Amino acid sequence: MSTLTGTGALTRLAVRRDRIMLAVWLYVFAAFIAATVVGFRGLYKTQASLASFAAGAGHNSAFLSLYGPLYGDSLGSVSAWRVSAVLSVVGSLFSIFVVIRHTRADEESGRLELTGSEPVGRHAALATGVLVAAIANLVIGAVLAVVALALGLPAGGSFLLGAGIACCGLAFTGVAAVTAQLSASARAARGLAIGALVVAFALRAVGDASSASGPRLLSWLSPVGWAVLDRAFGGGRWWVLALGILLAAALVIAGGVLAGRRDYDAGLLPQRPGPARASASLSSPLGLAWRLQSGTLYAWLAGALIYGLLIGSSARGIGGLLKSASTRKAVSDYGSGQGGLSEIYLAAILGFTGLVIAAYAVSAVLRLRSEESGGLAEPVLATGTGRLAWASAHVLIAAAGTAAMSLLAGLGTAVGYGALFGPLVWAGLALAPAALVLCGLAVALFGLVPSRSVAGSWTLFGLFALILFLGPLLRASHWLLDVSPFTHSPKLPGGTVSALPVVLLCLIALALTGAGLAGLRRRDIG
Amino acid sequence: MTAAIEIVGLRKAYGRTIALDGLDLTVASGEVHGFLGPNGAGKTTTIRILLGLLRADGGSARMLGGDPWSQATELHRRLAYVPGDVSLWPSFTGGQVIDLLGRLRGGLDEGRRASLIQRFELDPTKRASAYSKGNRQKVALIAALASDVELLLLDEPTAGLDPLMEAVFRSCIEEERKRGRTVLLSSHILSEVEALCDRVTIIRAGKTVESGSLADLRHLTRTSISAELDGPPQGLDQLPGVYDLDVEGDRVRCEVDSDKLTPFLKALAAAGVRSLTSQPPTLEELFLRQYTSSDNEHAGVSS
């Protein structure tokens with residue numbers, strides 16, 4: 001029996017288990033590239049305006065570190081520049097999740113033991129995870145190419161763009177194949193792989209932003225860098241794709257060798273013993289919720305601060321980019337339309353930051369649901385801890401975390417921009433009410449329709465995100481805009497703040513939270 | 001004696017699936033009560049209603065003199081619970097979970113915590129993600145047994161324990177009984193229930209089929225008898241309460257209803273008894289018979 005026996009059956013099972021998730025991710029990729037191409041086409045109607053944008057953006061160091069160098073001034077070049085690094089990171093994250101899900105996570109939960117007793121080879125699980133991720137990446141690449149083609153971009157560049165992003169995903173498929181062998185816990189294996197992704201992005205960011213005499217070569221050490229360096233629509237260097245494929249192959253083989261050398265359910269990294277006693281802080285529902293949520297919260301807070309610094313510094317040179325009246329108008333459609341050019345730009349980009357903060361709020365609240373369905377709420381609720389105390393501890397952390405993230409995003413933007421300190425901190429804080437409405441919606445769904453709360457919360461989030469992205473196109477049908485809480489966020493800096501919408505957003509958030517908690521008191525747990 | 005748990009006509013449905021269909025259960029204070037039933041009979045649902053995690057659709061449930069739904073938190077301070085399938089936070093160590101659950105319940109007995117960890121041979125510094133099912137169960141058991149409570153609700157607590165640890169568990173429950181604590185022990189391991197429990201309630205498909213002391217229940221069952229006689233017996237097949245009669249010359253094997261033993265033995269004695277073996281009914285037979293006879297009943301009703 002080969003060590004790969006059973007891979008086919010396991011792969012079919014895996015694809016079946018993942019089919020909805022795969023479809024959702026594919027949609028995200030397709031929507032992202034379509035929105036980018038259509039957006040640029042709408043913003044820069046003439047080749048001259050596109051060229052002036054490219055000339056400005058190609059020399060802004062913040063843009064360089066965020067998106068990489070810009071090769072050419074065609075619609076294709078600019079679109080590829082905007083999506084390559086971002087979608088490579090998203091595709092890599094996706095690959096990491098898929099691989100770990102079918103290898104270490106299944107091993108940890110014991111599901112693999114069940115299939116492992118069937119005639120299934122030692123390497124079948126790893127091969128399944130890698131195969132599913134590889135197929136998914138190829139499909140993603142193909143979908144990106146087809147969407148770009150359909151929007152009228154040249155064929156060669158379209159396929160190179162899709163292939164470059166797919167190759168970065170493949171490289172991180174390999175990374176996850178290795179980290180899945182290193183640690184006995186899926187969470188740690190995922191963390192290690194994401195850590196590698198962060199390093200890869202940072203290498204590319206530093207390399208791309210540095211001057212000709214600086215460490216430009218760093219970008220060549222990063223799979224995320226390769227996705228930009230393949231110059232889709234800007235000459236096209238197809239051989240760069242080989243780097244990602246070779247790295248992926250080497251890493252998958254390494255993962256296979258490591259898998260052959262370790263025991264089932266064990267990692268190669270040693271499991272360190274932990275404390276035999278709980279610290280004094282771990283003695284209340286709030287202490288428990290904080291212990292469970294603080295790690296994730298710190299990561300989001302750090303992300304908000306860094307993101308703020310980046311967008312703040314990218315706004316410094318924005319005046320030159322927004323020279324043309326049509327550009328200015330297009331940007332102001334997203335923002336306040338008031339104040340100076342930089343303020344308009346900052347208001348627009350902070351509006352999108354509000355979406356990220358809301359994503360944190362929703363995921364923090366939904367921890368309640370994963371605790372419940374994972375059987376971890378039951379032992380706590382069987383003690384003197386009531387349902388309200390248990391749930392409100394998590395909701396409190398989600399709400400406070402939302403406020404802290406808003407503050408840090410504003411603070412980071414202010415420091416990065418180096419001016420408008422007070423207004424920008426306020427602008428950050430003003431993002432909180434809309435995000436809190438999403439927080440309240442998640443609580444309400446958790447309390448009233450628990451089995452639908454995860455899908456429901458993210459669907460609403462996606463809907464509101466779509467409304468925000470498509471906002472300027474929807475001017476005619478205003479009622480749809482009004483549905484989204486983000487529409488009612490104050491447009492800061494530069495805009496005027498009226499108290500009523502802010503107060504209403506806060507009241508709606510409170511009412512939703514109250515309804516959710518009331519529902520939780522009445523319903524069955526489990 | 002007052003009742004620690006008093007359940008009358010309890011009903012619960014999940015959508016169209018009926019989990020409890022008029023269940024009765026009475027547990028007296030200070031007794032160890034066995035709660036028996038096959039998988040899916042409704043044991044866990046009953047316990048989760050007692051914990052106020054689920055809301056009953058009908059019937060009444062009282063626990064420690066209070067209402068399990070509306071007074072859940074007050075009652076929970078006076079009880080400890082071990083779920084059948086113990087989930088723990090993967091990043092916490094066993095020691096941390098024991099402390100956490102103990103503190104949330106209102107405090108642990110430090111001495112007992114230490115001695116229980118030793119007796120169950122648990123490594124409290126291991127992360128929960130590295131524990132086996134049995135070790136996770138030990139964590140929940142230690143947390144429950146080390147707290148100072150009146151009532152223990154144990155839902156198949158030994159499902160993952162090895163025989164050695166099962167013996168430790170039994171001696172712990174013996175000690176709890178001596179301390180005067182009430183224990184509701186849901187199980188389908190009959191030897192465990194026979195060894196530990198004062199009284200037993202057997203449920204099936206959400207209904208109570210039998211309840212009483214082991215002695216009471218045995219009364220309802222048959223003793224298997226095999227005897228060697230001086231000569232062939234007369235008229236044994238005419239006697240009431242005799243089953244599976246097998247007579248070969250002067251050897252007799254059969255099963256006799258426990259309350260019909262006297263006339264049967266008289267008939268044997270009349271033939272002259274050379275040797276006699278009798279086996280008391282085990283709970284296992286009782287258990288199996290309850291189910292098969294209930295099946296017959298069902299068949300009778302439907303036909």
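In this complex, 32 residues of chain B are in contact with 30 residues of chain A. Keep in mind as you explore that this is a predicted model. For the complex, the predictor gives an ipTM of 0.81 and a pTM of 0.77.

**Where chain B touches chain A**

- Two elements of chain B, α2 (72-76) and α3 (94-105), each give two or more residues to the side that touches chain A.
- The biggest giver to that side is α3(B), with 8 residues.
- Sorted by class, the side of chain B that touches chain A holds 14 nonpolar, 9 polar and 9 charged residues.

**A look at chain A**

- If you look for secondary structure in chain A, you will find 22 helices and 0 strands.
- Chain A has a radius of gyration of 24 Å, which agrees with the value near 24 Å that a compact globule of 526 residues would have.
- Along its principal axes, the C-alpha trace of chain A spans about 65 × 60 × 40 Å.
- Of the 526 residues in chain A, 51% are buried.
- Take the contacts in chain A between residues at least 6 apart in sequence: 75% of them join residues at least 24 apart.

**How confident is the predictor about chain B?**

- The average pLDDT of chain B is 87, and 93% of the residues score at least 70.
- Within chain B, confidence is highest in strand β6 (residues 151-155), at 96, and lowest in helix α10 (residues 283-302), at a mean of 56.

Terms used. Residues are numbered from 1 along each chain as its sequence is written. Chains are lettered from A and ligands numbered from 1 in the order in which they are written. This is a predicted model: local features need pLDDT of at least 70, side-chain atom pairs count only at pLDDT 80 or more; totals for chains, interfaces and linings use all residues. Two residues are in contact if their C-beta atoms, placed from the backbone, lie within 7 Å. Helices (H or I, at least four residues) and strands (E, at least two) are DSSP runs, numbered from the N terminus. Ala, Val, Leu, Ile, Met, Phe, Trp, Tyr, Cys and Pro count as nonpolar, Asp, Glu, Lys and Arg as charged, and the others, Gly among them, as polar. The radius of gyration is taken over C-alpha atoms; the globule rule is 2.2 Å times the number of residues to the power 0.38. A residue is buried if 20 or more other C-beta atoms lie within 10 Å of its own, exposed if 12 or fewer, and partly exposed in between; C-beta atoms are placed from the backbone. pLDDT is the predictor's confidence in each residue, from 0 to 100.
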